[in-house]
Amino acid sequence: MQGGSMSTRTLGLIGSAAGGLENIRPSLIEPAIARGWQVAVTLTPTAGTWLQDSGELQRIEDVTGLPCRVSPRMPTENSPHPPIDCYLVCPASSNTVAKLALGLADNQALTSVCEAIGGQVVPVVVFPRINAAHVRQPAWNSHIDALCSVGVHLLIGEDIWPLHEPRSAPGKDLPWSKILDAVDAIVPGQGPSTPS
Ligand SMILES: Cc1cc2nc3c(=O)[nH]c(=O)nc-3n(C[C@H](O)[C@H](O)[C@H](O)COP(=O)(O)O)c2cc1C
């Protein structure tokens, strides 16, 4: 089934330029569609260049049935994506996390999520794909506190993403199932119907 045409929930997946981005189609998008989500993907400009270069951008469009957003729309254009039920920022680079915390919306991905954070209607889940050095950056804790204080669901901690030193964990896989479980818990789908 392309793009979850029978879906009742739409996941706004935001990908930034961090490890794991190369695997979002097989590891996140296709499993989300199998769980009943329609998936609308928006990429930061750098993430867009990475997936364009590898050919994944086209494959993502094929599997979701929706255009992958990288650039902002023209003022005369309508949004190419349907209304979103939940945003998932995954992988979130330390740069994208910092910008979200500060409300910097200088690309389409940040624009969508910043508006959702302030709007307080559509839930936002963020998986920071970061290392120990990112966390030691002096502004990191204040960014996390700012996002938590407005209800952003941050998937952080030893049980979900143990920190490693830079360049010490090449190829470390993201906890894809735990990430999707978190999103499913926040916006549950229609479970199997029970006979009356
Ligand atoms: C190969 C490569 C892998 C990277 N992996 C990460 C990563 O896992 N986490 C991270 O925070 N930054 C990572 N970076 C750095 C980000 O790509 C960089 O900060 C970029 O400006 C993020 O842009 P964006 O947040 O707009 O996507 C990586 C860079 C390269 C070249």
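These legends go with a set of close-up views of one predicted model.

Residue numbers start at 1 on each chain and follow the sequence as written. Since the model is predicted, local features are given only at pLDDT of at least 70 and side-chain atom pairs only at pLDDT 80 or more, while totals for chains, interfaces and linings use all residues.

**View 1. The whole fold, before zooming in.**
The protein has eight helices and five strands; these are DSSP runs numbered from the N terminus, helices being H or I with at least four residues and strands being E with at least two. Along the sequence the order reads β-α-β-α-α-β-α-α-β-α-α-β-α. Its radius of gyration is 16 Å, which agrees with the value near 16 Å for a compact globule of 196 residues; this is taken over C-alpha atoms, and the globule rule is 2.2 Å times the number of residues to the power 0.38. Of the 196 residues, 37% come out as buried. For that label, a residue needs 20 or more other C-beta atoms within 10 Å of its own; 12 or fewer makes it exposed, anything in between is partly exposed, and the C-beta atoms are placed from the backbone. Among contacts with a separation of 6 or more, 81% link residues 24 or more positions apart; a contact here is a pair of C-beta atoms, placed from the backbone, within 7 Å.

**View 2. The annotated stretch, residues 16-133.**
The unreviewed UniProt entry carries the annotation "domain: Flavoprotein" for this range. UniProt positions are given in the numbering used here, feature names are shortened, and annotations may be inferred rather than shown by experiment. In the model, residues 16-133 are 45% helix and 16% strand, and the end C-alpha atoms sit 18 Å apart.

**View 3. Helix α2 crossing helix α3.**
The axes of α2 (residues 45-54) and α3 (residues 56-64) come within 5 Å and cross at roughly 90°. That puts α2 roughly perpendicular to α3, a label covering 65 to 115 degrees, with under 35 roughly parallel, over 145 roughly antiparallel and the rest oblique. Each axis is a line fitted to C-alpha atoms over the stretch in contact, and angles run from 0 to 180 degrees between N-to-C directions. On the α2 side the contact uses Gly 48, Leu 51, Gln 52 and Ser 54, and on the α3 side Glu 56, Leu 57 and Ile 60. By class that gives three nonpolar, three polar and one charged residues; Ala, Val, Leu, Ile, Met, Phe, Trp, Tyr, Cys and Pro count as nonpolar, Asp, Glu, Lys and Arg as charged, and the others, Gly among them, as polar. Gln 52 has 14 C-beta neighbours inside 10 Å, so Gln 52 counts as partly exposed.

**View 4. Strand β3, from Cys 86 to the cis proline.**
Cys 86 belongs to β3 (residues 86-92) and counts as buried, with 21 C-beta neighbours inside 10 Å. Leaving out residues up to four places away in sequence, Cys 86 touches Leu 11, Gly 12, Val 122, Pro 123, Val 125, Val 183, Ile 186 and Val 187. Pro 91 is also in β3, and the Cys 90 to Pro 91 peptide bond is cis, with omega about -5°.

**View 5. Helix α4 and what it packs against.**
In α4 (residues 94-102), the buried residues are Ser 94, Thr 96, Val 97, Lys 99, Leu 100 and Ala 101. They pack against β3, α5 (108-119), β4 (124-128), α6 (132-136) and α7 (140-149). Gly 103 follows the helix, with a positive phi near 75°.

**View 6. Gln 38 in strand β2.**
Gln 38 lies in β2 (residues 37-43) and counts as buried, with 23 C-beta neighbours inside 10 Å. Gln 38 and Thr 64 are 26 residues apart along the chain, yet their C-alpha atoms are separated by 7.1 Å.

Gln 120 is in the loop between α5 and β4 and counts as exposed, with 10 C-beta neighbours inside 10 Å. Arg 167 is in the loop between β5 (153-154) and α8 (176-186); with 8 such neighbours, Arg 167 is exposed too.

Conventions: Two residues are in contact if their C-beta atoms, placed from the backbone, lie within 7 Å.
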